[in-house]
Amino acid sequence: MNFDLFLLLAAAAAVLISTLIAGGGTILSSPAFDSEEKDAVIEIPIPGAVGPESLAFDSLGNGPYAGVSDGRIIKWEEKQGRWIDFATTASTRKGCGGSQDHVPLEHICGRPLGLSFSRLTGELYIADAYLGLLVVGPNGGLATKVASEAQGTPFGFTNGVEVHQTNGAVYFSDSSTRFERRNFVAMIISGDNTGRLMKYEPETKQITVLLDGLTFPNGVALSQNGDFILLSETSHCRILRFWLQTSKIGTVEVFAQLPGFPDNIKRNEKGEFWVGIHSKREKLLEWLLSNPWIGRTLLKIPFPQVKALISFIAERRKHVGLAARLSEEGEILEMFEPNHGSMSEVYERDGSLWIGSVKMPYLGKYEMQTR
């Protein structure tokens, strides 16, 4: 392959990935924010790590707890104004700590993503991208493995988790059986559809695959009465609804189509759902995702420089996150777009919006009274 062709392919990769990861685009109607309101997010720094991707509060209302890039679960002590270590997902911690790029050691140190407490037991369930579904007791410490495979197929990218607070069932997603978290860009542009939604029953230790053939399944959230569960399908920029009860039990339908890539979903006290949206999408991306052979072709190019360029563009592209508040019927009630960079999650609690991110070195907090 001559150098000119190499440059052409590299440029194509750059354009495609830049379009994929970010971009402008028109979003649905948003409430008006003046400059002061858009800058009203309080940033709570994370010591020695980045990416408080998902949040949880325990049964006493303490927290939030957050999983971060070095494999720790940390807890925010509001009165003390500081973070404390609560748990880890991997027994090996050598080389994991400190301010560094933690991605190369994620498979060793762990990368906790989804978090959900069980009010029945006080335990915290953890979806670790590399180590599978884990659980740790109310006092923290080293988490223990619950599962790392289902029906003989290992998890490749464990992602979201939600505990049913009445019967204790644990619902969780595996984004891919072929790609790891650190290869998520390749997973998206290749059109990978090996993702699954699963259910774990603590009493029987049984895991049931509820849905398979999914394209980047991500965050999960149960409805207020537990009759359905929502699931982000990130690559398709949509939320799916899987029925657990009623005459529709076992069926799935599109709940909401969104203007960007959805990540985690959190239900508020009213039964509404906040969806963190990592970044917006554009028309060109819709074309790319409808033609996954293009991405698969790029990934087959035997030049490490091209793949390095893809990673470089993906990591350094500016992320502009937003969030959608959805009704119980999937209607978009509000779009929230603060000046906060990428957003993985919005957790509404006691008049505040807690904002998680897979990239930022801080946790965001927005006081809703200012709106």
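Author: A search of the whole structure finds 1 disulfide, a term that stands for a pair of cysteine sulfur atoms within 2.5 Å. This is a predicted model, in which local features need pLDDT of at least 70 and side-chain atom pairs count only at pLDDT 80 or more, while totals for chains, interfaces and linings use all residues. Residues are numbered from 1 along each chain as its sequence is written, and side-chain values use heavy atoms, with hydrogens and water left out.

The disulfide joins Cys96 to Cys109, with an S to S distance of 2.0 Å, and the link is left-handed, with -90° about the S-S bond. Cys96 sits in the loop between β5 (82–88) and α3 (106–109), whereas Cys109 belongs to helix α3, so that the pair, 13 residues apart, links distant parts of the chain. Here helices (H or I, at least four residues) and strands (E, at least two) are DSSP runs, numbered from the N terminus. Both Cys96 and Cys109 are buried, meaning under 20% relative accessible area, where exposed is over 50% and partly exposed lies in between (1.4 Å probe, protein chains only). Another cysteine, Cys237, is also buried, with a relative accessible area of 0%.

Turning to the strands, an open sheet of 4 strands runs in the order β13-β14-β15-β16 with antiparallel pairing, where two strands pair if DSSP finds at least two bridges between them. β13 and β16 (206–214) stand at the edges, and because each has a single partner strand, one side of each is left without a neighbour in the sheet. Neighbouring strands of this sheet are turned by 20° against each other on average, direction ignored, with axes taken as lines fitted to C-alpha atoms. Strand β15 (residues 195–201) meets β16 in the antiparallel sense over 6 bridges, and the bridge partner of Lys199 in β16 is Thr208. In the loop between β16 and β17 lies Phe216, which has a positive phi of about 55° although it is not a glycine; Phe216 is buried, at 6% relative accessible area.

An open sheet of 4 strands is also formed in the order β21-β22-β23-β24, again with antiparallel pairing. Its edge strands are β21 and β24 (332–336), each of which pairs on one side only, and the twist averages 25° from one strand to the next. Strands β22 (residues 273–280) and β23 (residues 322–326) pair over 5 bridges, with Leu322 in β23 as the bridge partner of Ile277.

Terms used
Axes are lines fitted to C-alpha atoms, for helices over the stretch in contact, and angles run from 0 to 180 degrees between N-to-C directions.
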